Amino acid sequence: MKRHLAIDIGSESGRAIVGFLENGKICTEEIYRFKTQFMQVRDRSLRDFYRYHEEILKALSVYCERYGTRLDSIGVDAWGGDFVLLDRKGNIIRLPESYRSNAETDDVAEIVENSFGTRRLYMRNGNQKMPTDTLHQLIRLRRSDDPSLDDPRALLFVADVFHYLLGADPCCEHSLVSYSRIYNADADDWDEEIMRAFGLPLHIRSKIVCAGETIGYVNGAILEQAGLEGPVPIIAPCAHDTSCAALSIADLGDDWAFISSGTWSLMGIETDACVRNDISYAYNFSNSSMPLKCNMFKKNITGTWIIQQCSKAWGNGDYNDIVNRAEMAADTDCSIDINATEFYAPEDMPLAISRAVQRDFGVCIDPQDQGAIARIVFASMALKYKYYLTHLLEAAGKEIRRIYILGGGSKNRLINQFTASATGYPVYVGVYEASAVGNLLLQMYGSGELADKADMRRIVVDTFPQTVFAPQGNQPWEQKYKIYQERVLQKNQW
């Protein structure tokens, strides 16, 4: 029996999950969890990747204690956009800063338009502009004459960093390269013309690898420290956690959409090729690769970030309690545009919501009324899902019959029910650690245990029973959506 270790790094926490196949099902066990919040250094909020790496080393020791000295592979997945640069000696030049510290979502829009053309850039790679995207971050570094761009020799995305620190050669997995906006979808490679247009050094283009490839072996000193025997292959999953999650759909067909629900909600569908047209451009939809080079056509939507910030403001870290309060709260028919800039990084999230509702509906909601505020947030998420799903399907020319909600956010039964009722599609949930499951499946594929994507999906279907939320109250939700479009919906900048 081969055992694999998935390291799934999210914006709030990282998880180490062991997986193996038994009787045609995937067995998983979370053996370690660690926080991934920012580290404050003077006036800068930084991602302390060295501490995260130290936590991964701890996870290897925990694995050895529980399962013994043999580990058949390890792989890391994480969020997209952020990156590090390496110098000529292979050292990390700078740690990523919090993207939330820059609340202006279009602060480099003029540079993009003047240097290359916003539409032209989109038609090269089919990727949406976001304050978090790789190109925007690189442009800001160049604009501020940041010394990290003086002589960098390689760029690594978040998951790639940890593969490198474990022992792999510097390389970037395809799913995040394709998402970076410095990628050419037609050439399937880094885009040299885009990089030259923005004054980016060409030698940061790391080798591109694909999910399932063995990209190195865990360093011997690391193995010795953990008590493990070598060699331990580093098998790349999709470095983008959303691509891993989308592999974990418990369905052998393709007539579905998915929502990977976490701090961000990533809504998408599978397509045979990159979708680039007037509709996808107008709604700022994006494309990136899924396992085995299938395309993921999707939209980034604000997810549980808003309720996380409300939770902090209220001092209530019990999300189940917040959901219970929201269920008991009266239905006000009020909503907010969750992608609006005013909810990107306000100092007081409940107050920002209360003010928006007062402005748009003339209704006074106490910012400390946890149930009322949470219900508005959850309903607003469902309405935004309906809005973008309608146009996503229109752009791709695709029809669906159901929606799968994946990840930790799918444990929120109220969002699940609201999404079913608002969209009119049944919602299926049941894969709560979807990114880690996809990560493990790709390691199993890379080690020869699974033959193809159909094999991987069949394992998910056989392993994870699904709970279904059927649409309810169609007419009231149509009325909510009409009011939402008339009073609330904004032309979002991302």
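**Exercise 1. Find the loop that holds arginine 181, then decide whether the residue is buried or exposed.**

*Solution.* Start with the place: arginine 181 sits in the loop between α6 (174-177) and β10 (183-184). Helices here are DSSP runs of H or I with at least four residues, strands are runs of E with at least two, and both are numbered from the N terminus. Before going on, please note that this is a predicted model, in which local features need pLDDT of at least 70, side-chain atom pairs count only at pLDDT 80 or more, and totals for chains, interfaces and linings use all residues. Residues are numbered from 1 along each chain as its sequence is written, and side-chain values use heavy atoms, with hydrogens and water left out.

Next comes the surface. A residue is buried under 20% relative accessible area, exposed over 50%, and partly exposed in between (1.4 Å probe, protein chains only). Arginine 181 has a relative accessible area of 2%, so it is buried.

Last, look at the backbone: arginine 181 has a positive phi of about 70 degrees, although it is not a glycine. Most residues other than glycine have a negative phi, and most peptide bonds are trans.

**Exercise 2. Describe asparagine 23 by its backbone, its place and its exposure.**

*Solution.* The backbone first: asparagine 23 is not a glycine, yet its phi is positive, at about 55 degrees. Its place is the loop between β2 (13-22) and β3 (25-35). With a relative accessible area of 77%, asparagine 23 is exposed.

**Exercise 3. Locate the cis peptide bond that joins glycine 230 and proline 231.**

*Solution.* Check the angle: omega is about -5 degrees for the bond between glycine 230 and proline 231. Then find the site: proline 231 lies in the loop between α8 (220-226) and β14.

**Exercise 4. Work out where histidine 240 lies and which residues it is in contact with.**

*Solution.* Histidine 240 belongs to the loop between β14 (233-235) and α9 (241-247). Its relative accessible area is 3%, so histidine 240 is buried. Now list the partners, where contact means heavy atoms within 4.5 Å. Leaving aside neighbours within four places in sequence, histidine 240 touches Ala78, Trp79, Gly80, Glu173, Ser175, Leu176, Tyr179, Ser288 and Lys298.

**Exercise 5. Decide how many residues of α4 are buried, and look at both ends of this helix.**

*Solution.* Count first: eight of the ten residues of α4 (134-143) are buried. Among them are Leu135, Leu138 and Ile139. Then see what covers these buried residues: the elements include β7 (83-86), α2 (109-115), α3 (118-125) and β8 (154-157).

Just after the helix, aspartate 145 has a positive phi of about 55 degrees.

**Exercise 6. Examine α15 and the ring pair that phenylalanine 418 forms with tryptophan 477.**

*Solution.* Begin with the helix: α15 has ten of its eleven residues buried, so the rest of the structure largely encloses it. Asparagine 412 caps its N-terminal end, a side-chain oxygen lying 3.1 Å from the backbone nitrogen of leucine 414. Just after α15, glycine 424 takes a positive phi of about 85 degrees.

Turn to the rings. Rings of Phe, Tyr and Trp (its six-membered ring) pair if their centres lie within 6.5 Å; planes under 30 degrees apart count as stacked, over 60 as edge-to-face and the rest as tilted. The structure holds 17 aromatic pairs. In the pair of phenylalanine 418 and tryptophan 477, the centres are 5.2 Å apart and the planes stand at 55 degrees, so this pair is tilted. It links distant parts of the chain, with phenylalanine 418 in α15 (413-423) and tryptophan 477 in α18, 59 residues apart. Phenylalanine 418 is buried at 8% relative accessibility, and tryptophan 477 is buried with a relative accessible area of 8%.

Elsewhere, ring pairs join Tyr283, Phe285, Phe297, Tyr387 and Tyr388 into a cluster.

How values were computed:
A polar contact is a pair of N or O atoms within 3.5 Å; within protein, one must be able to donate a hydrogen and the other to accept it, and residues adjacent in sequence count only if both atoms are side-chain atoms.
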